[in-house]
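Reader: I have a new structure open. Can you walk me through it?

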Amino acid sequence: MSPPLRQLALQFAAVVAVLSLAWPYYGIRGEALPWAGVVLAIGAAAFLLAALTRQPWWWQTMHALFAPLAWAVAQLQIDPGWFLAAAILLLLVYRGALSGQVPLYLSNRETADALAELLPAHPGLRVVDLGAGLGSVLRPLAAARPDAHFVGVENAPLTWLAGRLLCLGRRNCELRWGSLWQTPLADCDVVYAFLSPVPMAALWEKAKAEMKPGSLFISNSFPVPTVEPNAIVEVGDGRATRLYCYRR
Ligand SMILES: C[S@@+](CC[C@H](N)C(=O)[O-])C[C@H]1O[C@@H](n2cnc3c(N)ncnc32)[C@H](O)[C@@H]1O
């Protein structure tokens, strides 16, 4: 079961456990369900299940708060259309988090500077950023290396649109809407990725199969499991960013 489904199942189990006791109990007594107490009990049951199944602390916290907060917000009687609009907006920006457990967070300027140092010097260099976000890496690199060509691939529609607008006017920088898994890597000299631990093993298989010998695969923060990098660059920024470099 995928991690989001597992968490949903856990929350659902807590709801079923509490309601299956509370409904008959209050039904037999002929009393209305005291929803405030019931949602607190659901939060406690979900927390217990999350702790027993050894979920990370942040999942435990979310499970404890989810039902009480959902109930509290329902009391505000906000038009459901707003929730639909917010969900659509989040999907347009964070599609990657839902489809591949890769959320949007941006490389900083120090990382772009460190990457510029790592790029081979020869003209006509082709660099691709898999999951390019707003082009935070591509834009400074394109400015620093007018002799090279930079392509970003992004699958979240609104993120892609914003990145594309920000890249306008840069002749050597292109942001494409699409999936990184469908992006051919054969003609790339450098492939950059800042994703999450989840896709790294599969992505390395793709890089190995498609990238040409001598080309460079750089992953920001997330190493390829069980593969020794050729170099690790410490960026020296506030986030202690590390760039894991693999030579094909
Ligand atoms: C952590 S952000 C990195 C953004 C940018 N590379 C940077 O360094 O600033 C990862 C991005 O990958 C995108 N993404 C996730 N899965 C993707 C996929 N299958 N295809 C294309 N983009 C994807 C997400 O939408 C997100 O914008």
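Reader: Which polar backbone atom is 2.9 Å from a nitrogen atom of the ligand?
Author: One of Leu 180. That is a polar contact, a pair of N or O atoms within 3.5 Å. Bear in mind that this is a predicted model, where local features need pLDDT of at least 70, side-chain atom pairs count only at pLDDT 80 or more, and totals for chains, interfaces and linings use all residues. Residues are numbered from 1 along each chain as its sequence is written, and side-chain values use heavy atoms, without hydrogens and water.

Reader: What does Glu 154 do with its polar side-chain atom?
Author: That atom lies 2.6 Å from an oxygen atom of the ligand.

Reader: And Asn 155, how far is its backbone N or O atom from a nitrogen atom of the ligand?
Author: 3.3 Å. The protein covers 98% of the 600 Å² of accessible area that the ligand has on its own (Shrake-Rupley method, 1.4 Å probe).

Reader: New topic. Which domains does the chain have?
Author: Domain 1 (3-77) and domain 2 (109-247), with bounds from an automatic or database domain assignment. Their C-alpha centres lie 42 Å apart.

How values were computed. Polar contact = N/O pair within 3.5 Å; in protein donor to acceptor, adjacent residues only side chain to side chain.
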